Amino acid sequence: MPCKGEVISAVLIPEGENPSGRGDIEVAGNAVRYRGSGLRIPEQGISLIGQHNYFDIAMVYGICKEFSLTDEQFLKGLRSYQTLPHRLQYLGIKDGIRFYDDSISTIGETTIQALESIKNAGSILIGGMDRGVDYDQLEEYLAGSSVKHIILMEATGKRIYSEIEERYPTLFGSGKLCLVDHLKDAVELAGKLGEEGSACILSPAAASYGIFKNFEERGEVFKKYVFGLKLSVCHCLNGRGIFGRCHSGYFFKLPGKIVNRCVAKLLGNLREIHFICADELLGCIDFHKRKIFNDTKAALFPENFLQL
């Protein structure tokens, strides 16, 4: 047990390096060793994923062993730890696809690390404000990557698309590259192309400025685009309007003039309507009767949208 004020020095040796002598902390894949103690980092049930996070886990493991914590105590703490948002954060599953938010990614190296960390990546969403960052390493990695769909967006996405066309004709002609305008388009395309059991990763390798306030907002918008808001239809009142509640704690009212018997019957038979933005509710309902709403502009005005 260290004494108060005592400084402990330890050297971490990643797998594959050739130091002179042994390190106090050694990392080989998900196996960690510290001065005779060993632990295998669980690959399931923890929020810290990827080799770069294993190095951090190894350092904390060494400190915990100095304070005589058992492996069971360490693993309990590791499993309960939650990563900060937007840092390769697991968001959940939608239509069989696992979604990850790595919005903090603003350089190519972090996108490479994201793809190295997530198994069975079906699509990667890349692009943002162009600051003139060099993407040579990222483009070379993508040329040899097993990711099935590379969805490029915004200014940097367009530049990467052009550079790959020039430098990696095999990748360019493989059908993996998809160029879209904005994040919303990228999410919609990822949902269409994704296969059950695969993963979709937002790891932009670019700044968010000029498009979003910051990377946090970009991540939150990504989550909304993926899962949308859930609207429960409570009741229809004979053309006087439709009332309901969305998960953010808001009640809304659709004016009665847009409700006829056909609409009321159609909505009344649905338990939930999934939509992206409350002010575009009807425009995001995807059913064959959408033409019914063509003349309504499908807008929820402030006077019809009341916070509880």
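Predicted model: local features only at pLDDT ≥ 70, side-chain atom pairs only at ≥ 80, totals over all residues.

Biologist: Okay, where is Thr-111 placed?

Modeller: Thr-111 is in helix H3, which covers residues 108–117.

Biologist: And is Thr-111 buried or exposed?

Modeller: Buried, because its relative accessible area is 0%, and the cut-off for buried is under 20%.

Biologist: Which side chain does the Thr-111 side chain make a polar contact with?

Modeller: That of Ser-105, at 3.2 Å.

Biologist: What else is Thr-111 in contact with, leaving aside neighbours within four places in sequence?

Modeller: Besides Ser-105 and Ser-203, the list has Ile-124, Ile-126, Leu-138, Pro-204 and Ala-205.

Biologist: Let's zoom out. How many helices and strands are in the chain?

Modeller: The chain has nine helices and 15 strands. It runs to 308 residues, and 42% of them count as buried.

Biologist: Switching to H1. How far apart are its end C-alpha atoms?

Modeller: They are 23 Å apart. Helix H1 has 16 residues, 51–66, so at 1.5 Å a residue it should span 22 Å, and the two values agree.

Biologist: Which residues in H1 are buried?

Modeller: Asn-53, Tyr-54, Ile-57, Ala-58, Tyr-61, Gly-62, Cys-64 and Glu-66.

Biologist: What happens just after H1?

Modeller: Ser-68 takes a positive phi there, about 65°.

Biologist: Now salt bridges. How many does the count come to?

Modeller: The count is nine. One of them pairs Arg-35 with Glu-66, and the closest N and O atoms are 2.9 Å apart. Arg-35 is in the loop between strands E3 (31–34) and E4 (37–40) while Glu-66 is in helix H1, so this pair ties together parts that are 31 residues apart in sequence.

Biologist: Are those two buried, or partly exposed?

Modeller: One of each. Arg-35 counts as partly exposed because its relative accessibility is 48%, whereas Glu-66, at 19%, counts as buried.

Biologist: Which salt bridges does Arg-167 form?

Modeller: Arg-167 pairs with Asp-136, where the closest N and O atoms are 2.5 Å apart. That links distant parts of the chain, since Arg-167 is in helix H5 (residues 154–167) and Asp-136 is in helix H4 (residues 136–144), 31 residues apart. Arg-167 also forms a salt bridge with Glu-139, the closest N and O atoms being 3.1 Å apart.

Biologist: Last one: which residues do salt bridges with shared partners join into one network?

Modeller: Asp-24, Arg-35 and Glu-66.

Technical notes. Residues numbered from 1 in each chain as written. Heavy atoms only, no water. Helix = DSSP H or I, 4+ residues; strand = E, 2+ residues; numbered from the N terminus. Buried < 20%, exposed > 50% of the residue type's maximum accessible area, 1.4 Å probe, protein only. Polar contact = N/O pair within 3.5 Å; in protein donor to acceptor, adjacent residues only side chain to side chain. Contact = heavy atoms within 4.5 Å. Expected span 1.5 Å × (residues − 1). Salt bridge = Lys/Arg side-chain N within 4 Å of Asp/Glu carboxyl O.
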